[in-house]
Amino acid sequence: MNFPDHLLYTKDHEWIKVEGNEATIGITDFAQSELGDIVYVDIETEGESLDAEAVFGTVEAVKTVSDLFMPVAGKVLAVNKNLVTNPAAVNKDPYGEGWMIRIQLANVADTANLVSASDYRKMTGVSA
Amino acid sequence: MEDVATELKNIALADVHIGLGAKMVPFAGYLMPVSYEGINAEHETVRKGVGVFDVSHMGEFILKGPEALDLVQRVTSNDASKLVDGKVQYTCLPNETGGIVDDLLVYRIDDQTYMLVVNASNMEKDWNWIQKFNTKNVEMHNISDKTSLLAVQGPKAAEVLQPLTDMDLKSMEYYSFRKGKFAGFDNVLVSATGYTGAGGFEIYFENKMAHEIWNAIFEKGKGAGIKPVGLGARDTLRLEMGFCLYGNDIDETTSPLEAGLGWITKFTKDFTNSHALKLQKEQGVKKKLVGFEMIDRGIPRHHYEIFNAGGEKIGTVTSGTQSPSLQKAIGMGYVPADYSKEGTEIFISIRDKNLKAKVVKVPFYKS
């Protein structure tokens, strides 16, 4: 299972790629694997400013519905519209084509609360 | 609701499923495979080829004796006197207050021996329920713990299984069964039944045969691309057919008539609550289980609420999913009879938004 080192992670299984005061967010390889076939990604928070751990959308697998949580506070700048027609991209390429939102960080220092790839791997219990 | 099992029981092939990388989940007190490679792929395997479900958690009761039919007739809604040796019937156990204790299959082994196949989650409840009506000393045996059940489903099921037995599988009618030699073992029960609408067989045998039978089926199925299929795809397959799932679409509060199970509710004999159900049939049901498909984007789920165009709550979703075969969001739910006509617009509340859907005929999927 793949947890790229250049990303940060949350206990809720989101990843975040920070670039200056903006960031891209999605769900981890572990999350997509646990959910199984993803059939619907519902994100309607574009333009909204959300707190850390606020729900920014919902992802649905065949059998389950899961909320998506903001790793840090920020404003949702963009939503990956391709997931409307191709939600399976989250399964196939969770860190690439399967990205979910792009945000402007409220406070760059907030990322200090996030988890490194190696710590996240330990949390999931997935062996290297 | 069932209590969460504190101690999970293992089905005979648990090690095989874990070895295949199955996602195992607690279900009805057993650790069961819910998926292997993914629900959509497994679903398609069953619709187009052949897949194997381990449904050994299901309960099997044997009812034996001269009064066995009498007992079956008293507790079930369908008319089991119509069965002959080697035939199977879908039926339900009505309760005394208008609902359903469980839905089940009744197998007539011979004129004094019947096998009842019940939902795992209701096994104890059903056993006690039937015992309560067993006033004529019918011998009852619960053989669930020693019985394994594989459902080999899909259009290629017969060709894969035929080399394993002399029983002529292709000639077997839907809802019939035979007992005979299978994969070298005697007394294997092969039933032309299933919960997928894809055709195929359900095979009952003793736990001790499980590994050899599993391996034999997969060996013969190689050329046909046989795959293991989990409970996840079992649910999407049954829902595409509009088949009821106990605990979702039917329960202690829904009558068989409301659930569209009038065809298994036969007033040719008396059974539990038959007088009240007959009256309900004559007067017409107030609510009905309907199938619907989403027009707006969204996936209906169990317990979501159903509204009319005026914003009044009119019912509840009992099952819903994104249909892998149809690539549409589909569901079932109870609505007042006035809203049950095909084409009626209804609204499903999904995350506080009322999204448009329309009532459609089931099965959703037509092969």
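**The whole chain**

The structure on screen is a predicted model. Chain B contains 8 helices and 20 strands. Its radius of gyration is 21 Å, close to the 21 Å given by the globule rule for 367 residues, so chain B is as compact as a globular protein of that length. Along the principal axes, the C-alpha atoms fill a box of roughly 65 × 50 × 45 Å.

Now switch to a surface. Chain B exposes about 15,800 Å², and carbon and sulfur atoms supply 50% of that area. Of the 367 residues in chain B, 59% are buried. Colouring by charge brings up 42 positive and 47 negative side chains in chain B. The centres of these two sets lie 5 Å apart.

Go back to the cartoon and look at how the chain meets itself. Take the contacts in chain B between residues at least 6 apart in sequence: 64% of them join residues at least 24 apart.

**Helix H7**

Select residues 231-240 of chain B, which form helix H7. How many of the residues in this helix are buried? The count is 10 of 10, and the helix is mostly covered. Among the buried residues are B:Arg234, B:Asp235, B:Arg238 and B:Glu240, along with B:Leu231, B:Leu237 and B:Leu239. Then step past the end of the helix to B:Gly242, which follows H7(B) and has a positive phi near 75°.

**Strand S15 and B:Glu293**

Next, select residues 287-294 of chain B, strand S15, and pick out B:Glu293 within it. Is B:Glu293 buried or exposed? The relative accessibility of B:Glu293 is 15%, and the cut-off for buried is under 20%, so this residue counts as buried. Show side chains here: those of B:Glu293 and B:Lys328 are joined by a polar contact of 3.3 Å. Beyond its neighbours within four places in sequence, B:Glu293 also touches other residues, including B:Ala329, B:Ile330, B:Ala357 and B:Val360.

B:His302 is partly exposed, at 28% relative accessible area. Which residues does B:His302 contact, once neighbours within four places in sequence are left aside? They are B:Gly247, B:Asn248, B:Val317, B:Thr318, B:Ser319 and B:Gly320. For a distance to draw in the viewer, take the C-alpha atoms of B:His302 and B:Gly333: they are 8.5 Å apart, although 31 residues separate them along the chain.

Now select B:His303, which is in the loop between S15 and S16 as well. B:His303 is exposed, with a relative accessible area of 59%. Its phi is near 85°, a positive value in a residue that is not glycine.

**Towards the end of the chain**

Select B:Arg351, in the loop between strand S19 (345-350) and S20 of chain B. B:Arg351 is not a glycine, but its phi is positive, at about 50°. At 30% relative accessibility, B:Arg351 counts as partly exposed.

The last stop is B:Pro363, in the segment after strand S20 (353-360) of chain B. Select B:Val362 with it and show the backbone atoms. What kind of peptide bond joins B:Val362 and B:Pro363? The bond is cis, with omega about 0°.

Note on methods. Residues numbered from 1 in each chain as written. Chains lettered and ligands numbered in written order. Predicted model: local features only at pLDDT ≥ 70, side-chain atom pairs only at ≥ 80, totals over all residues. Heavy atoms only, no water. Helix = DSSP H or I, 4+ residues; strand = E, 2+ residues; numbered from the N terminus. Rg over C-alpha atoms; globule rule 2.2 N^0.38 Å. Buried < 20%, exposed > 50% of the residue type's maximum accessible area, 1.4 Å probe, protein only. Contact = heavy atoms within 4.5 Å. Areas by Shrake-Rupley, 256 points an atom, 1.4 Å probe, with all protein chains shown as cover. Lys, Arg positive; Asp, Glu negative; His and termini not counted. Charge placed at Lys NZ, Arg CZ, Asp CG, Glu CD. Polar contact = N/O pair within 3.5 Å; in protein donor to acceptor, adjacent residues only side chain to side chain.
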